[in-house]
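Colleague: I would like to learn how to read a few backbone and packing features in a model. Could we go through them one at a time?

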Amino acid sequence: MLGLILRRLRDLAIVLVLVGTAIFFIVRVIPGDAALAVAGDQATPEQVEAIREAMGLNVPLWQQYVTWFGQLLVGDFGTSTSFHTPVAPIILSHLLPTVTLALAATVLSIAITVPLSIGVALYPRNWLWRTVNRFTAVGIAVPEFWLALLLVTVFAVTFGAVPVSGWVNPFVDPAAGIPHLILPIVVLMVGQISTFALMLRDNLIGEMLQPYLRTARAKGARERRVFYRHALPNALLPAVTVVGNNLGTLLGGIVVLETIFVIPGLGSLLFQAVSTRDYAIIQGATIVIAIIFVVLNFIVDLIYLLLDPRVRVS
Amino acid sequence: MIRQVQSTWQGRSWRLGAILAAGMLLAGCAGGGSPQPTATATTSDDGPVSGGVLVQTLPNDPGTLDMAVSTLQVTQTMGSNVFESLFALDKAFQPQPMLVDSVEMSDDRTVYTLGLRGGVTFHDGSELDSGDVAASLERFFTVSPSGAGVAADVVSVEAPDPLTVVITLAQPRHSLLGELAASAALILPEEIATAAGANPLTGAQTIGTGPYQLGQYQTGQSVTLERFDEYSARAEGDWGGQAGMKHAYLDGIEFRFVAEDSTVVNGLTTGQWQMSAPSNDQYSVLQANPNITLTPIAGGVVNTVILNHHPDSAFADVEARRALNLVINKEDMAAVSGTAPDLLTMTGAFQAPENAPLFSEAGTDVYESYDPERAKEQFATAGVDTIRMLVPSNFPQMVAWGNVLQQELTDIGLTVEIESYDLTTVRAKATDEPGSWDLSLTFISGTVVAPPLINWLQQKYIGGYQNDELDELFAEYAAAEDASAAKQVVDRIQQLVWDDIPSIVLYGSKQYVALDKSVKGFDGNFMLALYNTWLDAS
């Protein structure tokens, strides 16, 4: 276990250096003068030059890189040119809505998908099987933005059952915050449930045909034990990876949904930062997203350790 | 009243004086400011109602309320409730005194002695004095592009006593008072103006003299303003625009940042917010909603084709510029933008009709001329067979104009090469590779206070237009003795614009705001400022 943690910390350092270096140079390759973007059309050349100097863009690229990386090593993500405040608190404040949405949608999706898939695998060809098949096909195909607008029109505008948009911190004011979360979570869940259910159903059915289950039955194991003790854990293994990657993607920012539902999350922050060439936020947010991915991969590895004895042995 | 004040400033004897003081005192005596409502809502039969928090949406977070540093409209909309300048533009876009009480001008029009209003307090409780004004103007000259233009003519700004400021110019500058009325010329406490320097104001530094003060700034989410109970209001109730009496009827204003247009409309429909400025596409939808009122905003924008005057550009030749004007069907351009007809101005004016000092109809015949066949001949004479367009992709109307223009040019046998990027990239490419493009697209504010401030008439702007005759006209405008003389120069500048065609005005378009029916008193002022606006609970 200690070895795994140390290896992951080493990986984290490598990923951060690579991602940080890549994003530093990529944002500077994007056409568009960041100083001009901040100064606006009407600024005099002297004013643009003053802004360029204040942003540290008037020195050679390697010098900018060394300065930025040195600051990063001591936890200084720099100062936003859009918001004129340090980047770290901005990213942190935008991380909470994204994490809340992503975790809630993922946990709820898993809670629904696992029993649903078990039902489908245990009782194939019945009404549940047909319903889940149709739902997953539609759920995977439907674009999130379209579904979001449809749900808003029906449930928020027409029936007034939930707010149209907005974010109220549900940990501070649950009564006001939770209604704002319902529609975005439902939209995220539709896609996730469809993906997870389809995969888990196929995994379960595949496992049920494996020879080792025949052996278990031949040894006198009851059907319930065969399913829950042997088939289900093995079927869940690939799902853990998919869920982990999916969660990482969500935590990296749900730009479209955050825009439609006016949620001040990481995705919308990054999107706005690219438009305004706010290098500090782009670099800081990208590094935070990279950290999230590495940490999630680590958690997935730990779950593998728990679920699969072969990994423990190896 | 407006005429009296204006003629006093622009006549030979420059004493405007204490006539405003009585009104100011009347207004100022009432508890140190305007008759301020209490936190508890009060009602009257038909008149204003005090109380409530109005929620207004804005498309993005500018990161600051500092109008000196940020010229974005969203900054102006929020900041105009918080900050004030020495002067303010009225509904006819004439500068009127705001923080000043009297204006005295020397006979040679180079020395302005400004008497400040007494008893004006900042949101931090300190009282306005001439040191604050001098420091704020110094900052305006340094950080604001329009301020830098003024600074070129300013010899000194002095504060001989606490309520007197003396501005000395190197030469007469007709537009000075209008430029001092700009939102960028906001007045701050001296220590804040000095400490902030060229940096945008932080939350703690957001201290003005306006009727609302900053409550909370939640980055990327919302900004809350609260009523400033010590606000010292002027007495003039009929100036309109940003000038005259301001009442803070609302307990507070909450600005929420909502980018998605359909979300804006849905929120208005369900009453989640009471005021928004949706896109033109939503106009007819909202017009059909009985619970929503649509109010045009004074000023608006002037939509323009920017021409490149670099020697490598097709439009370095005036014949090619005239040919392009002949091939553009301006009505088609307006139609594809989706702007409602009642929000359009099809005159070719380089400023909005409400901006009376700068609105001109000179050259309208050239603007209205449309003759593709003649355009084809003129392009051939100029030796132009290819046009390179830089189209900003993040403005749907500009993409639509680009498509129409491409079709019109292709129809007369020209080859059109389009490059489409976001606006920041377009501007950078146009600047960094000045010979690589022929035309681009933009819109400018219709509320500019002097012709030299129109960006596409400036040599420093992309396109690099330069014309000695225009420079002479700018000098004549600066030296104009009064509004009438200045207006005559404006007419000549616009005639020159349509003779030499530095850029091509497509059409003017007003913006509009959608208001919940509970919102009353909003006058369509071009900053969207919410003083004198109230919420009717009935």
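Colleague: Where in chain B does B:Leu528 lie?
Modeller: B:Leu528 lies in the loop between strand 20 (519-520) and strand 21 (534-535) of chain B, where helices (H or I, at least four residues) and strands (E, at least two) are DSSP runs numbered from the N terminus. This is a predicted model, in which local features need pLDDT of at least 70 and side-chain atom pairs count only at pLDDT 80 or more, while totals for chains, interfaces and linings use all residues. Residues are numbered from 1 along each chain as its sequence is written, and chains are lettered from A and ligands numbered from 1 in the order in which they are written.

Colleague: What is the phi of B:Leu528, and is B:Leu528 buried or exposed?
Modeller: Phi of B:Leu528 is near 65°, a positive value in a residue other than glycine. A residue is buried if 20 or more other C-beta atoms lie within 10 Å of its own, exposed if 12 or fewer, and partly exposed in between, with C-beta atoms placed from the backbone; because B:Leu528 has 23 C-beta neighbours inside 10 Å, it counts as buried.

Colleague: Which loop holds A:His84?
Modeller: A:His84 sits in the loop between helix 4 (61-73) and helix 5 (87-122) of chain A, and its phi, near 60°, is again a positive value in a residue other than glycine. With 18 C-beta neighbours inside 10 Å, A:His84 counts as partly exposed.

Colleague: How many helices and strands does chain B have?
Modeller: Chain B has 17 helices and 21 strands. Its radius of gyration (taken over C-alpha atoms) is 24 Å, close to the 24 Å that the globule rule (2.2 Å times the number of residues to the power 0.38) gives for 538 residues, so chain B is as compact as a globular protein of that length. Of those 538 residues, 56% count as buried.

Colleague: What describes two packed helices?
Modeller: Two packed helices are described by the angle between their axes and the distance between the axes. Axes are lines fitted to C-alpha atoms, for helices over the stretch in contact, and angles run from 0 to 180 degrees between N-to-C directions. Helix 7 (residues 144-158) and helix 8 (residues 174-208) of chain A pack at an angle of about 140°, with their axes 10 Å apart. Angles under 35 degrees count as roughly parallel, over 145 as roughly antiparallel, 65 to 115 as roughly perpendicular and the rest as oblique; helix 7 and helix 8 of chain A are therefore oblique to each other.
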